[in-house]
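I opened this entry to keep track of what I looked up, in the order in which I looked it up. The chain as a whole comes before the single residues.

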Amino acid sequence: MGQGGEPRRAQAYDGELGAAVARAQEGDEEAFAVAYRLVQPGLLGYVRGLVGEDAEDVASEAWLEIARDLGRFRGDGAGFRGWTATIARHRALDHLRRRRVRPQAATLEQDVLELPGPYSTHDQAMESMTTERALDLVRQLPRDQAEAVLLRVVVGLDGPAAARVLGKRPGAVRTAAYRGLKRLARQLEEEARGGAGER
């Protein structure tokens with residue numbers, strides 16, 4: 001962890017991200033692409049932890065809103081990550097509300113018969129399974145803990161930024177993240193010993 005509990009990975013690119021966002025606000029499309037590449041992996045992981053398999057659709061909706069409202073954003077790279085996480089969270093919650101009200105459509109046969117992509121290697125499959133397994137475990141946490149863990153670890157927000165996204169106090173978010181990570185560690189230990197894990 002870096003200063004203030006923020007992961008070093010996020011701190012390393014916040015300067016580049018802030019510069020890219022400033023250029024994107026002036027109409028530089030390549031700069032917007034740079035900002036997207038820096039933010040999207042963490043943002044998609046966060047959304048996947050909230051909505052599961054519909055994450056790419058929800059993240060796309062969020063990026064449409066981000067692109068539309070980019071001119072209104074004020075802040076640096078870390079602030080941009082928080083701002084995009086807030087937008088993605090709102091789109092995810094909207095999606096979950098719609099899903100509760102509307103029945104799910106049956107999977108189309110074409111979706112089932114999708115051809116594998118050109119990048120299907122053993123390493124990518126293992127990484128994907130590991131990521132999916134981790135997100136499945138996070139989804140089993142109580143919602144406040146799951147969101148805190150996703151925002152702190154996956155998106156890389158510090159405590160105050162994660163608190164702003166969730167509309168909570170920083171101490172409450174830090175506590176939820178700590179409890180969630182402890183619970184995940186216990187569950188992994190139990191699974192390693194052959195136990196069923198904590199649900």
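**Overall fold**

I began with the secondary structure and counted nine helices and zero strands in the chain. The model is a predicted one, which I keep in mind for everything below. Reading along the sequence, I noted the pattern α-α-α-α-α-α-α-α-α.

I then turned to burial and surface, and found that 42% of the 199 residues of the chain count as buried. The accessible surface of the chain comes to about 11,900 Å², and carbon and sulfur atoms account for 53% of that area. For the contacts, I looked at pairs of residues at least 6 apart in sequence, and 64% of these contacts join residues at least 24 apart.

**Nonpolar core**

Next I asked which residues have the most contacts inside the largest nonpolar core. That core has 51 residues, and the ones I wrote down as having the most contacts inside it are L17, Y46, V51, F80, L151 and L157. The elements that give two or more residues to this core are α1 (8-25), α2 (29-51), α3 (55-69), α4, α6 (122-139), α7 (143-155), α8 (159-166) and α9. The largest share comes from α2, which supplies eleven residues.

**R81**

I looked up R81 separately and located it in helix α4, which covers residues 77-101. Is R81 buried or exposed? Its relative accessible area is 1%, and R81 therefore counts as buried, given that the cut-off for burial is under 20%. I then checked what its side chain reaches, and found the backbone oxygen of V155 at 3.2 Å. The side chain of R81 also reaches the backbone oxygen of G156, at 2.7 Å.

**Helix α9**

My last check was on the length of helix α9, which has 23 residues and runs over residues 170-192. The buried residues of α9 are V173, A176, A177, G180, R183, L184 and Q187. After α9 comes G194, for which I noted a positive phi, near 95 degrees.

Technical notes. Residues are numbered from 1 along each chain as its sequence is written. This is a predicted model: local features need pLDDT of at least 70, side-chain atom pairs count only at pLDDT 80 or more; totals for chains, interfaces and linings use all residues. Side-chain values use heavy atoms; hydrogens and water are left out. Helices (H or I, at least four residues) and strands (E, at least two) are DSSP runs, numbered from the N terminus. The expected span of a helix is 1.5 Å times one less than its number of residues. Buried means under 20% relative accessible area, exposed over 50%, partly exposed in between (1.4 Å probe, protein chains only). Contact means heavy atoms within 4.5 Å. Accessible areas come from the Shrake-Rupley method with a 1.4 Å probe; for residues, only the protein chains shown count as cover. A polar contact is a pair of N or O atoms within 3.5 Å; within protein, one must be able to donate a hydrogen and the other to accept it, and residues adjacent in sequence count only if both atoms are side-chain atoms. A nonpolar core is a set of buried Ala, Val, Leu, Ile, Met, Phe, Trp, Tyr and Cys residues joined through side-chain atoms within 4.5 Å.
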